[in-house]
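Me: I would like a close look at a single part of this structure, followed by its setting in the chain. Please give each term its cut-offs where it is used.

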Amino acid sequence: MHNISKLSLTIATAGIAVSALVGCSSAGSTAAPTPGSTVAANAPAAAPAEASFEDNVLTTKDVTIKITDVKTIPVGEKGNEYGKEPVIAFWYDTTNVSGKETNPMTAWIFLFSAYQDNDPNAENKLSVGSLPDAAFRDSQTSKIKTGGTVPNAVAYELSDTTTPVKLVASTILQDEIGSMTIELK
């Protein structure tokens with residue numbers, strides 16, 4: 001039994017060493033280009049040095065999301081026909097600036113959260129509701145090409161119709177980029 005453990009440890013160590021050496025190989029290196037030759041280069045896309053959320057526009061290294069409209073929709077009204085709570089709905093355009101695979105729905109959900117500060121003891125993060133605009137039913141998960149822009153909409157279920165909604169843009173690590181407050185009418 002002891003010999004099997006030594007053998008396993010030796011094999012694992014050898015595997016790690018081989019993996020490390022493969023990364024050091026010169027197989028990926030290329031010769032210097034000669035005059036008149038063409039060389040392919042992966043230039044990084046122009047991206048902001050720092051993410052921001054100002055004037056209804058979220059700008060990150062991967063996407064730009066521009067909020068184009070905000071509406072409160074009561075239960076039973078168009079855009080909230082099947083909901084049990086009134087919703088706040090956001091219409092927006094998502095532009096892929098980096099080429100990283102994304103779609104309008106995923107970009108929004110990863111970057112935005114909505115809150116209503118109406119509980120003195122706990123944070124009140126609003127739940128995402130149903131799609132408020134049927135026009136985006138087929139395009140909400142469409143892959144956005146580099147430089148392309150795809151519109152979409154999203155709704156959050158309100159816990160009341162008087163407390164303002166705070167829309168917070170954050171990084172995936174939950175570092176706040178910025179926020180905006182929407183007064184309900």
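Reply: V128 counts as partly exposed because its relative accessibility is 45%, where partly exposed is the class between buried (under 20% relative accessible area) and exposed (over 50%), computed with a 1.4 Å probe and protein chains only. The model is predicted, so local features need pLDDT of at least 70 and side-chain atom pairs count only at pLDDT 80 or more, while totals for chains, interfaces and linings use all residues. Residues are numbered from 1 along each chain as its sequence is written, and side-chain values use heavy atoms, with hydrogens and water left out.

V128 is found in the loop between β5 and β6; strands are DSSP runs of E with at least two residues, helices are runs of H or I with at least four, and both are numbered from the N terminus. Together with M105 and I109, V128 makes a nonpolar surface patch of about 230 Å². Such a patch joins nonpolar side chains (Val, Leu, Ile, Met, Phe, Trp, Tyr) within 5 Å, and like charges within 9 Å, from residues with over 30% relative accessible area and no salt bridge. Accessible areas follow the Shrake-Rupley method with a 1.4 Å probe, and for residues only the protein chains shown count as cover.

K143 also lies in this loop, which runs between β5 (112–116) and β6 (149–157). K143 is classed as exposed because its relative accessible area is 59%. Beyond its neighbours within four places in sequence, K143 is in contact with E101, T102 and N103, contact meaning heavy atoms within 4.5 Å. E101 is 42 residues from K143 along the chain, yet their C-alpha atoms are separated by 6.7 Å.

The wider chain gives the setting. Its elements run α-β-β-β-β-α-β-β-β-β from the N terminus on, with two helices and eight strands. Of its 185 residues, 31% count as buried. Among contacts between residues at least 6 apart in sequence, 63% join residues at least 24 apart. The chain exposes about 12300 Å², of which carbon and sulfur atoms supply 55%.

Terms used: A salt bridge is a side-chain nitrogen of Lys or Arg within 4 Å of a carboxyl oxygen of Asp or Glu.
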